Amino acid sequence: MFASTLLLLAALPGAPAFAQGACQPGTYAAPDGDFVVLAKLPSIQAPGLRYLFRDGRRGATSDPDAPLACDAGRVNVKNTAWQPVAFRETPASFDSVGTKMAGMLIEPPGADPMRPLVVMVHGSERSSPIGGLYGYAMAAQGVSVFVYDKRGTGGSDGEYTQNFELLATDAAHALEKAREMAAGRFGRAGFFGGSQGGWVAPLAATLTKADYVTVGFGLVASPIEEDREQMVSEVRAAGLGKDAEALVNRLSQATAGLLLSDFDTGYEALDAVRREMADKAWAAKIEGEYSGAIARMPNEELKRIGRARFDNLELIWDYDAVAALRKLDTPLLWVLAGDDREAPIETTRGALLELAKEGKPFDVYLFPGTDHGMFEFTTAADGSRTITRITDGYLKLLGDWIKGSASGAYGRAERLTQR
């Protein structure tokens, strides 16, 4: 709708002649410093690209109501030309634990020896962040950014894993490489971790010099606690009451016993919970991170393939995230999604506020009405959610905090700590 309006305006006497053309990947800046990032995405049919504005609006350039039009290497928004940003992009490779890793250093235009440097620590995804949206969204705010492919993905060698200690070692080596490449062109340097990166980035900051850590929608809880909180969130969303909450807590305890014993012991406890669940129609729909699937598999299959099915990525199921944070004296920003179903925030929020109360230099912000990824959403009658956009203020908060200039309001964000 908006792009069509631009074409109509172009045909009117006296209107700027902006003709719609094919959009090119890149970052485009407005005269007032606003920006939009365009990037290829497998889920969007070419020549369409994903767009992401600083305020969190997102979509495909091929959408009929996309709020931008493309022409001659520029982007037009509200009948104003936004110009491409000429980042300095330098491919990189580095070694970590005998594995060759691939990365990219993205530096904003101009020379600023005090510009901050951030290493983007991935979540659990297997896709490459090189050429993706988020690195450029940070660079567009005046931050030098180092992105790299997780081991076993993209251009990095090795095998894909979710072992936090190994991944933290990789992240630490990535920061060391970024410091080396940007020597003389940055001030403070640190990490950003999203989702699973919330386990990895703080741990990496205990392995190498880091001036700060930022985390978005991560957990200060173990994977076992994540599973339990997801199930509790499910039964609360369905309005099932305290008895149902108690039952899924017992299910989480039973499945944890299997995981921690490498599926050797714990079957009697699981069978006892199954008997309690047998007459509960809702129990067949419980998922969690893994407990629902385990409860629905026969013991014979669990004994034969349970470890291969659920425990094949070297995950540290009872990982002590609080212990890692207690080792940090580094300033940390943690941003919570207020209605996160994938990574429920109850335990995380409590742990962070307690650590801040003990004197840790931690800033905690919460964006209400957001799900995992800091996405706003609409809710259908059956309780399912459809994501719409990244909430306004989130990207700007990250950029400002990393630059040491966070202040004032950021969309609907609530600051939970005071320093």
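This is a predicted model: local features need pLDDT of at least 70, side-chain atom pairs count only at pLDDT 80 or more; totals for chains, interfaces and linings use all residues.

Q: Which cysteines form the disulfide, and how far apart are their sulfur atoms?
A: Cys23 and Cys70 form it, with 1.8 Å between their sulfur atoms. The link is right-handed, with 90° about the S-S bond.

Q: Which parts does the pair tie together?
A: Cys23 sits in the loop between helix 1 (2–11) and strand 1 (26–29), while Cys70 belongs to strand 5 (residues 69–71), so the pair joins parts 47 residues apart in sequence.

Q: And is Cys23 buried or exposed? What about Cys70, buried or exposed?
A: Cys23 is buried, at 9% relative accessible area. Cys70 is buried as well, at 1%.

Q: Changing topic: how many helices and strands are in the protein chain?
A: The protein chain has twelve helices and 18 strands. Its radius of gyration is 23 Å, close to the 22 Å that the globule rule gives for 419 residues, so the chain is as compact as a globular protein of that length.

Q: What box do the C-alpha atoms fill?
A: Roughly 75 × 50 × 45 Å, along the principal axes.

Q: How much of the chain is buried?
A: Buried residues account for 51% of the 419. The accessible surface is about 18,400 Å², and carbon and sulfur atoms hold 51% of that surface.

Q: One last thing: how far apart are the mean positions of the positive and negative charges?
A: They are 4 Å apart, for 44 positive and 54 negative charges.

Notes
Residues are numbered from 1 along each chain as its sequence is written. Side-chain values use heavy atoms; hydrogens and water are left out. Helices (H or I, at least four residues) and strands (E, at least two) are DSSP runs, numbered from the N terminus. The radius of gyration is taken over C-alpha atoms; the globule rule is 2.2 Å times the number of residues to the power 0.38. Buried means under 20% relative accessible area, exposed over 50%, partly exposed in between (1.4 Å probe, protein chains only). Accessible areas come from the Shrake-Rupley method with a 1.4 Å probe; for residues, only the protein chains shown count as cover. Lys and Arg count as positive and Asp and Glu as negative; His and the chain ends are not counted. The place of a charge is taken as NZ of Lys, CZ of Arg, CG of Asp or CD of Glu. A disulfide is a pair of cysteine sulfur atoms within 2.5 Å.
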